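Please read this briefing alongside the sequence and the coordinates.

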Amino acid sequence: MTEGDYAVGQPVASMNTVKVIGPAGVLKTLKKVYFTASIKDDALPLTATKNIPAKISFDIENEEEARYLICEGINNESNPATVTVPVYVTKEVETGVKFVKQPNSFTESVKGVKISPDKVKISYNPQESEQFDKLDIGTIDFSEISNKVNYFEFPVDEKLGVTLTDKTLQKFDVSVDMSDMQSKTLKKAPTKIVYLNQSENYNYSVDFENSSLDEIVIIGPAESLKKIDEDDIQVEINVSSLSVNSRIVQRVKVNNISIQSDEVDDCWVYGEYEAVLTINAK
C-alpha cells in the first residue's frame, strides 16, 4: 500500500520468459510459471520503487509433481527471482512552454501566455525522471509569433515524459498574446550573410531577386522597430546539403535570421525564409 502523493504501478517479474526443465510428461501439463512476492508490514507504506525476492511456483495439473521442475539459470546469487513494484509520485503541477530564439528581454519570462489546462495532475517514477515542479508541454520558436494573439496546439504523448492521471485529455491549447507589438518589413536585402559548413574551395552567393530575403518581417515595440534596418540583420544559411558540382541555382531554407543591434533587445524576426544560391569554384 501507499499513502499521500504516491501510487503503486503494475508489479513486474525479473524475467519475461523462463526455461523450465523436467520430465516430459510433467512439462506437458505446465501452463504458467508464477513469481510470487510479499512485502512485510514494517516496509509499508512504499514511497519508492522496490525489488522484492520472489518464490517460483508452477501452474500444473498435479501440484505434487512441481518438485520435478526447475527454472534453468535462476538462483539465489547471480540471477535471483524478484518482483519489482514500481512506485510513482502523483502531484498537481502548473503547465508551461519553452521558447527558443527569443530576444534577450524575453529570456526570463514571456508575458501574455495562456495554457489550457493551466494545471494537470501527473504521475511519474522519481527514480527514473526529474523532479517535476512544472510540466513543459512543448517548445515555441519566436519566429512563429506575430503581433497578434498566436495559437498553438500540443498533443498529449510520450514526449511529455510523465503520465497524466486524466486519461481523457488529448491536447494542450496555448495562446501567446503579442497584439501590443508592431511589425515592420525590411524591403532591402540584408548585408550580413553567414554560410554555415561551406567549402573553402568555393564561393557562395545569394540571388536576392529570387529569394524571399527582400521582405523580412520584424516584430517588436514601435520605438524599437525604428532603430532597425537591413544592416542590423544577420542571415545564417547551412549550405552543407548543396551540391558544389551543380551549375544551376539551388534553393535552401534559411536556418536563422537574427537582429545584431546593441540598441534593441526586444524585437525578433517573424516567418520562414528561403534563399536561392549559386556556387562557383574559386
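The notes below are grouped by topic.

This is a predicted model, in which local features need pLDDT of at least 70, side-chain atom pairs count only at pLDDT 80 or more, and totals for chains, interfaces and linings use all residues. Residues are numbered from 1 along each chain as its sequence is written, and side-chain values use heavy atoms, with hydrogens and water left out.

- Thr 95 lies in strand β9, residues 87–100; strands (E, at least two residues) are DSSP runs, numbered from the N terminus.
- Thr 95 counts as buried because its relative accessibility is 10%; buried means under 20% relative accessible area, exposed over 50%, and partly exposed in between, with a 1.4 Å probe and protein chains only.
- The Thr 95 side chain reaches the backbone oxygen of Pro 117 at 2.9 Å. A polar contact is a pair of N or O atoms within 3.5 Å; within protein, one must be able to donate a hydrogen and the other to accept it, and residues adjacent in sequence count only if both atoms are side-chain atoms.
- Beyond its neighbours within four places in sequence, Thr 95 is in contact (heavy atoms within 4.5 Å) with residues including Ile 115, Pro 117, Asp 118, Lys 134 and Phe 172.
- Asp 118 sits in the loop between β10 and β11 and, at 51% relative accessibility, counts as exposed.
- With neighbours within four places in sequence left aside, Asp 118 is in contact with Val 93, Glu 94 and Thr 95.
- Asp 118 and Gln 170 are 52 residues apart in sequence, and their C-alpha atoms are 14 Å apart in space.

**Backbone exceptions**

- Most residues other than glycine have a negative phi, and most peptide bonds are trans.
- The bond from Ser 116 to Pro 117 is cis, with omega near -5°; Pro 117 lies in the loop between β10 (113–116) and β11 (119–124).
- Leu 44 and Pro 45 are also joined by a cis peptide bond, with omega about 0°, and Pro 45 is in the loop between β4 (32–36) and β5 (50–53).
- Lys 101, not a glycine, has a positive phi of about 60°. This residue is in the loop between β9 and β10 and counts as partly exposed at 44% relative accessibility.
- Asn 197, not a glycine, has a positive phi of about 60°. Asn 197 is placed in the loop between β17 (192–196) and β18, and at 55% relative accessibility it counts as exposed.

**A three-stranded sheet**

- An open sheet of three strands has the order β18-β24-β21, with antiparallel pairing; two strands pair if DSSP finds at least two bridges between them.
- The edge strands β18 (202–206) and β21 (250–253) each pair on one side only.
- β18 and β24 (residues 274–281) pair in the antiparallel sense over five bridges, and Tyr 204 stands opposite Ile 279 in β24.

**The largest pocket**

- A pocket is an open set of points on a 1 Å grid over the protein atoms alone, where a 1.4 Å probe fits, with protein on both sides within 12 Å along at least five of seven lines; lining residues have an atom within 4 Å of a point.
- The largest pocket is lined by 25 residues, of which Lys 101, Ser 143, Asn 256, Ile 257 and Val 269 lie nearest its centre.
- Two or more lining residues come from each of β22 (256–259) and β23 (268–270), and β22 gives the most, with four residues.
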